[in-house]
Amino acid sequence: MTHTGTNTWIVGQGTVAVIDPGPATPAHLAAILAALSPHETVSHILVTHAHADHSALAPALAKAVSAPVLAFGPATSGRSARMAALAAGGLAGGGEGLDHGFAPDALLTDGQVVQGTGWALTVLHTPGHIGGHLCLALGAQLFTGDHVMGWAPSLVSPPDGDMTDYMASLLRIGADRWAGFLPGHGDPVEDPAARLATLIAHRQGREAQILRALSGGPLTLPALVRTVYADTAPALHPAAMRNALAHLIDLADRQLVIASPALSPAATFGLVPPGPVTRA
Ligand SMILES: [Zn+2]
């Protein structure tokens, strides 16, 4: 799910920030230290979100360079009320790659500016892929973590991920003009508006496919995924199942879909029948 690995970004010169240290492997730590110029120091370590492929190396890097780790919060921080309630109710699944031990030294909030020597990063809280996800703006460049990746649509797996929030966060960053996106996986995105339009259309397309499939009658989640994701390799169906569940929760909240007997991956999902037509 990480494509060719995690992109770690170094911001500034001389005294720098490191964005997303990456997975806890000696090779990743060595690569970051090797990428620093001689006598360069790290003043800040920023983490877009508490998935282990982004955050797990943070403690070792912090120790190696004596810099604090800044992030939105621990692994389940920023969870929407809806997802918190589903998690409390025992919603099965989720938790893919969560860095449960992640403990930043300082917490970042939306709109905050992190100032370094010769650089400033503005924090945008972009929940959806995970509740505590941040994007970081450096002028007109946006470090997008896993909110927008350079290679594939993001996983939105409830209760960590929330499709309603994810779509709102795509629209939110789309309200600004960006010169480029620097993602956590894949190549830099040179046409951010086009990439956002593609991702939004992809999600809206999946939603339409789900509604179309359910118009033939109620379906279980696996049956729905076999229909809607017929073009996706079977090996990716477990991930597709999580994205489909995220859509179904969003559709249930919008009263377009009903889950029976209760909202869970084991439920049967059907369309809400149209209400009676009343004449004023
Ligand atoms: Zn992630």
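Isoleucine 45 stands opposite valine 69 in strand E4, where strands are DSSP runs of E with at least two residues and helices are DSSP runs of H or I with at least four, each numbered from the N terminus. The model is predicted: local features need pLDDT of at least 70 and side-chain atom pairs count only at pLDDT 80 or more, while totals for chains, interfaces and linings use all residues. Residues are numbered from 1 along each chain as its sequence is written, and side-chain values use heavy atoms, with hydrogens and water left out. The points below cover strand pairing, helix packing and backbone geometry.

**Parallel pairing of E2, E3 and E4**

- Strand E3 (residues 41–46) and strand E4 (residues 69–71) pair in the parallel sense over two bridges; two strands count as paired if DSSP finds at least two bridges between them.
- Strand E2 (residues 15–19) also pairs with E3 in the parallel sense, over five bridges.
- Valine 16 has valine 42 in E3 as its bridge partner.

**The five-stranded sheet**

- Five strands form an open sheet in the order E6-E7-E8-E9-E10, and the pairing is mixed.
- Strand E6 (113–115) and strand E10 (180–183) are the edge strands, each pairing on one side only.
- From one strand to the next, the twist averages 25 degrees.
- E6 pairs with strand E7 (residues 120–125) in the antiparallel sense over three bridges, and glutamine 115 stands opposite alanine 120 in E7.

**The three-stranded sheet**

- An open sheet of three strands has the order E11-E13-E12, with antiparallel pairing.
- Its edge strands are strand E11 (219–220) and E12, each of which pairs on one side only.
- E11 and E13 are joined by two bridges in the antiparallel sense, and threonine 220 has threonine 268 in E13 as its bridge partner.

**Packing of H7 against H6**

- Two packed helices are described by the angle between their axes and the distance between the axes.
- Helix H6 (residues 192–214) and helix H7 (residues 221–228) have axes that come within 10 Å and cross at roughly 115 degrees; axes are lines fitted to C-alpha atoms, for helices over the stretch in contact, and angles run from 0 to 180 degrees between N-to-C directions.
- This crossing of H6 and H7 is right-handed; a crossing is right-handed if the near helix is turned clockwise from the far one by less than a right angle, and left-handed if anticlockwise.
- Arg206, Gln209, Ile210, Ala213 and Leu214 of H6 meet Leu224, Thr227 and Val228 of H7, contact being defined as heavy atoms within 4.5 Å.
- The residues of this H6 and H7 contact comprise five nonpolar, two polar and one charged; Ala, Val, Leu, Ile, Met, Phe, Trp, Tyr, Cys and Pro count as nonpolar, Asp, Glu, Lys and Arg as charged, and the others, Gly among them, as polar.

**Packing of H7 against H8**

- The axes of H7 and helix H8 (residues 237–253) come within 10 Å, crossing at roughly 105 degrees.
- H7 is therefore roughly perpendicular to H8; the classes are roughly parallel under 35 degrees, roughly antiparallel over 145, roughly perpendicular from 65 to 115, and oblique for the rest.
- H7 contributes Leu221, Pro222, Leu224, Val225 and Arg226 to the contact, and H8 contributes His237, Ala240, Met241, Ala244, Leu245 and Leu248.
- By class, the H7 and H8 contact has nine nonpolar, one polar and one charged residues.

**Backbone geometry in loops**

- Most residues other than glycine have a negative phi, and most peptide bonds are trans.
- Aspartate 20, a residue other than glycine, has a positive phi near 60 degrees and is found in the loop between E2 and H1.
- The peptide bond from proline 158 to proline 159 is cis, with omega near 5 degrees; proline 159 is in the loop between strand E9 (141–145) and helix H5 (163–174).
- Serine 260 and proline 261 are joined by a cis peptide bond with omega of about 5 degrees, and proline 261 lies in the loop between strand E12 (257–260) and strand E13 (268–271).
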